[in-house]
Amino acid sequence: MILLNIVMTEACVLLHWYMYTESVFALLMQDFGSIFSTLLPGAKAKLVAPEGLSILDGLEFKVAFGDAWKESLGELSGGQR
């Protein structure tokens, strides 16, 4: 019974931690995009989790000029970089 309580408590703590991480990430995304578009009018930027992974595994930087999203900064022309 004690082991079950420990496991349930740990699961609860991990769930709350993940939910908090998700909410912080949402705020970060909003601020990051806003700052980027202020520095480069007409451009958009976002941080996303790698395909098939979560934000806890890392983030990738995506940038768009107009409506064309680029997978990496290497795809930008010299002047855009």
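**Figure 1. The side chains of K44 and D67 meet in a salt bridge, with 3.7 Å from N to O.** A salt bridge here is a side-chain nitrogen of Lys or Arg within 4 Å of a carboxyl oxygen of Asp or Glu. The model is predicted: local features need pLDDT of at least 70, side-chain atom pairs count only at pLDDT 80 or more, and totals for chains, interfaces and linings use all residues. Residues are numbered from 1 along each chain as its sequence is written, and side-chain values use heavy atoms, with hydrogens and water left out. K44 belongs to strand 1 (residues 43-48) and D67 to the loop between strand 2 and strand 3 (68-70), so the pair ties together parts that are 23 residues apart in sequence. Helices (H or I, at least four residues) and strands (E, at least two) are DSSP runs, numbered from the N terminus. K44 is partly exposed at 37% relative accessibility, whereas D67 is exposed at 71%. Buried means under 20% relative accessible area, exposed over 50%, and partly exposed in between (1.4 Å probe, protein chains only).

**Figure 2. E60 and K62 meet through their side chains in a salt bridge of 3.6 Å, N to O.** The structure holds two salt bridges. E60 is partly exposed, with a relative accessible area of 33%, while K62 counts as buried at 10% relative accessibility.

**Figure 3. F32 and F61 form an edge-to-face aromatic pair.** Rings of Phe, Tyr and Trp (its six-membered ring) pair if their centres lie within 6.5 Å; planes under 30 degrees apart count as stacked, over 60 as edge-to-face and the rest as tilted. For F32 and F61, the centres are 5.5 Å apart and the planes stand at 85°. The pair links distant parts of the chain, with F32 in helix 1 (residues 2-39) and F61 in strand 2 (residues 60-65), 29 residues apart.

**Figure 4. Three strands form an open antiparallel sheet in the order 1-2-3.** Two strands pair if DSSP finds at least two bridges between them. Strand 1 and strand 3 stand at the edges, each with a single partner strand, so one side of each has no neighbour in the sheet. Three bridges join strand 2 to strand 3; V63 has K70 of strand 3 as its bridge partner.
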